[in-house]
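Hi,

Here is the structure I said I would pass on. Have a look at it first, and then read my notes below.

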Amino acid sequence: MGCGFAKSDQAQLKQLNRGTSIVPAATAMRAALLIQRWYRQYVARLEMRRRCTWNIFQSIEYAGEQDQIKLYNFFGYLMDHFTPASSERNLISHIFREHDIGRDVEWESYKSIEVPELYSGPHLSFPMTFSNAAELVEAFKNKQQLHSRYVLQLLVESWRRLRILPNISQISTCHSKEITICGDLHGHLEDLLLVFYKNGLPSSERPYVFNGDYVDRGKDSLEILLILFSFLLVYPNDVHLNRGNHEDHIVNLRYGFTKEVLGKYKLHGKKILKLLQKIFSWLPLATVIDHKVLVLHGGISDTTDLHLLSRVDRHKYVSALRPPKSKKQMRSGLIGSDLEDNDPTYEFVGSSRRRVRSLTHTTYTVTRHEAPRRSLQVQTTRVTYSVEEELKKRRRQAGLSQSYRDLHNSTMNSDLDSDPDSGGELLDSNEDEWKQIVDLLWSDPMPQDGCIPNDVRGGGCYWGPNVTEEVLRRHNLTLLIRSHECKQEGYEFCHNRKVLTIFSASNYYEVGSNRGAYIRMGPDLVPHFIQYQANRSTRELTLRQSVGQTERSALKALREKLFAHKSELVSAFQVYDPEHKGRISLGNWASAMEAVLKLGLPWRMLRSQLVGETVDGMLDYQLWFRELSITEHKTELSNANLLETMYKNHSNLETIFRIIDTDNSGLISLEEFRQTWKLLSTHLQTDISDKAISDLAVSIDFNKDGSIDINEFMEAFRLVGGDLLQHEDDVH
Amino acid sequence: MAPKKKEEPKEAPKPKAPEPEPVKIPEFNPAEVVLEFTPEQIEDFKDAFQLFDRTPLSEMKITYGQCGDLIRALGQNPTNAEIMYVLGKPKPEEMATKMLDFDSFLPIHQYICKAKDRGTYEDFVEGLRVFDKLGDGTVMGAELRHVLASLGEKMKEDEVEQLMTNQEDANGCINYEAFVKHIMAS
């Protein structure tokens with residue numbers, strides 16, 4: 001179809017003629033149309049790439065969270081089933097041991113910490129003043145570190161403050177105060193500083209609500225906490241902190257906060273972490289503005305009941321990943337002498353009759369979208385298999401819109417082992433509470449009606465617009481503000497503008513990946529958004545450059561995953577290539593990729609960036625893997641399978657190492673390494689011989705002193721990955 | 001049809017011909033389009049289609065408004081007018097509400113793929129050369145901005161900005177061959 005000139009075009013032409021006289025009007029028109037067409041194509045293609053990249057990051061991120069929970073559930077399962085004599089049990093009891101963190105006296109010990117003359121960082125005095133807090137912000141801006149004495153003191157004072165707060169804070173915009181609401185910060189100090197710069201520091205004229213996830217991933221999580229707590233102390237009625245799912249010491253083990261604190265505070269790090277563990281459990285769960293706007297971190301479910309939530313003992317839930325303890329169910333003597341009966345924080349379901357439950361109570365295939373590539377399967381432990389099958393069946397019969405409560409009930413009913421009479425009621429109400437809290441911290445909205453377990457993350461649920469309607473109506477609210485999910489523009493509405501996601505960590509996945517935003521809201525309760533992107537250089541990037549950068553990062557992460565699953569992938573490919581000719585069609589390649597990796601990604605669209613050359617639409621997969629494979633590890637590992645398994649699970653390994661490294665020396669013994677590895681291989685249901693593990697342990701002990709340096713070990717993986725991909729980048 | 005005098009009232013009233021148009025273009029008829037895509041290509045399109053599908057139940061449907069973006073993302077560069085044509089000239093409010101399923105999308109996409117004047121690199125450069133007053137291989141950034149924002153299927157200011165970022169030199173001139181390569185390279 002040619003460029004027909006309609007009337008409006010003729011008017012334009014006349015206009016042009018009046019202006020420049022040199023260019024023939026029709027030619028100029030054609031030129032303009034051509035450029036515009038190409039521009040629009042350019043933008044559309046970039047958008048497509050951006051979406052793909054986003055999908056990659058998000059699916060890897062959520063798969064990691066799911067992984068973490070599975071690992072944790074596995075330990076729970078082991079604890080349930082171990083007999084007292086096993087040495088491995090000691091290892092695991094490490095993981096579950098929570099030392100008494102109840103007594104104040106212990107915390108006062110910070111007073112004995114001396115601040116040396118040489119210390120050039122900020123000095124805090126208590127009660128804190130505004131200038132103290134502002135000074136702290138300045139100090140952190142200048143990359144100073146707060147002395148551990150002040151850190152502990154600040155944390156103790158914060159804890160004192162937090163424990164008198166209700167579960168749900170009620171605040172109002174009276175006095176024409178505008179409230180500022182911030183979402184996830186995830187250790188991105190520069191974003192917090194940017195918000196303060198644009199919006200001003202907290203004060204009674206400038207109240208703030210912070211909606212959780214202050215820590216993990218970014219490198220200044222502790223500094224963010226210290227700043228927020230300072231302002232909390234100075235303006236207790238005007239600074240409100242909600243708990244996020246990352247305010248959880250178990251999650252912190254994997255996602256970097258634990259490592260950050262131990263790295264910055266070598267002497268007192270563990271103490272700081274323990275105190276924070278307690279503090280996290282005392283963070284309020286939600287904030288309500290003018291009785292109309294509900295602000296909480298993750299989301300809701302169809303059973304969310306604010307009245308119930310306002311009455312729970314929130315500090316019982318030190319980690320949302322642990323089911324609540326019921327004293328009646330505890331089997332005495334199971335755990336050992338370090339059990340503190342009166343310690344409310346030691347939560348553990350002791351009865352061997354109870355199965356290990358994932359946070360979502362179910363493990364079956366859930367399709368969030370009907371398209372097959374979106375389905376994710378959660379692995380079950382062998383013990384629970386038959387029950388899961390039954391659930392699957394019921395679910396199929398009942399249809400997608402079955403509510404979470406129904407599924408929960410059917411879980412309870414089909415637990416053939418449980419004794420419905422023994423303390424069932426007590427456990428039920430604890431279960432309810434626990435579920436309410438998990439839902440609040442972990443849930444995500446979905447476009448379709450209903451409420452289904454959130455199998456992608458492994459915790460909480462997906463809730464639909466009808467649930468939003470109902471919960472808001474039930475509590476006489478008009479808007480739900482939540483965070484928890486990264487959004488390109490820093491914020492996003494859904495559910496008919498009744499749910500608003502606010503995310504304040506810019507460049508979350510990668511430099512240039514997204515903007516951060518915060519909300520200003522006045523008495524009219526209409527949210528106004530301010531967006532930003534920390535890191536000046538990202539603003540100067542063109543759209544294509546920032547998409548390109550983020551994309552490279554995502555593809556790198558994806559390639560690492562591919563390498564880690566090489567054996568499984570090759571097996572999957574060979575299903576389509578029974579004669580082992582080494583070639584499969586692209587269509588089969590895509591199916592195999594999804595079947596193994598289960599990331600729900602558009603593989604065909606990513607194909608050009610992952611695969612390269614194909615001949616007649618057929619891919620030579622062996623060649624592909626050779627191109628993809630990473631250079632040899634510096635130790636000579638004869639067992640390639642082991643290397644691959646290790647690589648695939650390095651996050652899990654690191655988590656476990658950090659747990660067992662109780663004296664925070666960065667070293668674990670060979671014996672501990674062996675035990676860890678054995679445990680992990682049970683979890684993964686892989687078969688690795690004792691000899692292979694011993695050999696591995698010895699080979700990794702580089703300086704032959706009987707211990708393994710964790711950091712060195714983990715570095716090996718990063719280095720290995722980096723080498724290859726550096727090379728690839730150079731080639732391109 | 002033999003022309004008839006308009007004054008005769010007994011004649012069956014015929015629609016008044018509008019002011020003379022160059023060609024009376026028939027409405028787009030998807031049934032007339034012969035699909036020449038290979039099964040591989042169709043699978044690729046499906047993947048892309050799914051990426052755009054935002055329906056609650058993943059019904060494999062996109063809005064009319066998304067159709068143009070999808071076609072462009074797949075490598076074509078139609079004008080907005082062409083998109084409107086293949087969509088059957090929908091009203092503005094329908095763009096966000098009317099849905100298109102995958103089977104209806106294919107003939108539309110095929111039609112656009114077959115369209116003749118896609119514009120090659122040379123066409124593009126020629127198009128810009130038009131503004132090269134000095135014949136030195138550059139055009140004035142300001143003039144180009146003005147043209148893009150006021151002629152043809154006008155671009156918005158921020159779109160123009162987006163396009164022109166880092167293209168102009170210190171004198172505000174753009175080397176258009178480089179510019180064309182930049183645009184076509186995405």
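**What I found**

Glu161(B) is partly exposed, with a relative accessible area of 39%; on this scale buried means under 20% relative accessible area, exposed over 50%, and partly exposed in between (1.4 Å probe, protein chains only). Before I go on, some housekeeping: this is a predicted model, where local features need pLDDT of at least 70 and side-chain atom pairs count only at pLDDT 80 or more, while totals for chains, interfaces and linings use all residues. Residues are numbered from 1 along each chain as its sequence is written, chains are lettered from A and ligands numbered from 1 in the order in which they are written, and side-chain values use heavy atoms, with hydrogens and water left out.

Back to Glu161(B). Which residue does Glu161(B) form a salt bridge with? The partner is Arg145(B), and the closest N and O atoms are 2.6 Å apart. (A salt bridge here is a side-chain nitrogen of Lys or Arg within 4 Å of a carboxyl oxygen of Asp or Glu.) This pair links distant parts of the chain, with Glu161(B) in helix α8 (residues 157–164) of chain B and Arg145(B) in helix α7 (residues 141–150) of chain B, 16 residues apart. Helices (H or I, at least four residues) and strands (E, at least two) are DSSP runs, numbered from the N terminus.

**The rest of chain B**

Chain B has 9 helices and 4 strands. Starting at the N terminus, its elements go α-β-α-α-α-β-α-α-β-α-α-β-α. Of its 186 residues, 42% count as buried. Chain B exposes about 11,100 Å², and carbon and sulfur atoms supply 55% of that; the areas come from the Shrake-Rupley method with a 1.4 Å probe, and for residues only the protein chains shown count as cover.

If you take the contacts in chain B with a separation of 6 or more, 63% of them are between residues 24 or more positions apart (contact means heavy atoms within 4.5 Å). The chain is divided into domain 1 (31–114) and domain 2 (121–185), with bounds from an automatic or database domain assignment. The C-alpha centres of these two domains of chain B lie 29 Å apart.

**Salt bridges in chain A**

Side chains of opposite charge can pair when their charged atoms come close. Over all chains, the count comes to 37 salt bridges. One of them joins Lys316(A) and Glu433(A), at 3.6 Å from N to O. Here too the pair links distant parts of the chain: Lys316(A) is in the loop between α12 (306–311) and α13 (385–398) of chain A, and Glu433(A) is in helix α15 (residues 424–442) of chain A, 117 residues apart. Are the two buried or exposed? Lys316(A) counts as partly exposed because its relative accessibility is 22%, whereas Glu433(A), at 17%, counts as buried.

Another salt bridge runs between Glu579(A) and Lys581(A), whose closest N and O atoms are 3.2 Å apart. Glu579(A) is exposed at 59% relative accessible area, and Lys581(A) is exposed at 62%. There is also a network of salt bridges in chain A, whose members include Glu61(A), Arg217(A), Asp444(A), Arg482(A) and Glu492(A).

**Aromatic pairs**

The structure holds 26 aromatic pairs over all chains. Rings of Phe, Tyr and Trp (its six-membered ring) pair if their centres lie within 6.5 Å; planes under 30 degrees apart count as stacked, over 60 as edge-to-face and the rest as tilted.

Trp54(A) and Tyr509(A) have ring centres 5.2 Å apart and planes at 90 degrees, so this pair is edge-to-face. Trp54(A) lies in helix α2 (residues 25–81) of chain A and Tyr509(A) in the loop between β12 (499–502) and β13 (516–521) of chain A, so the pair ties together parts that are 455 residues apart in sequence. Trp54(A) is buried at 12% relative accessibility, and Tyr509(A) is buried at 13%.

The rings of Phe573(A) and Tyr621(A) have centres 5.2 Å apart and planes at 50 degrees, so that pair is tilted. Phe573(A) sits in helix α19 (residues 566–576) of chain A and Tyr621(A) in helix α22 (residues 621–628) of chain A, 48 residues apart. Phe573(A) is buried at 0%, and Tyr621(A) is buried at 1%.

Cheers
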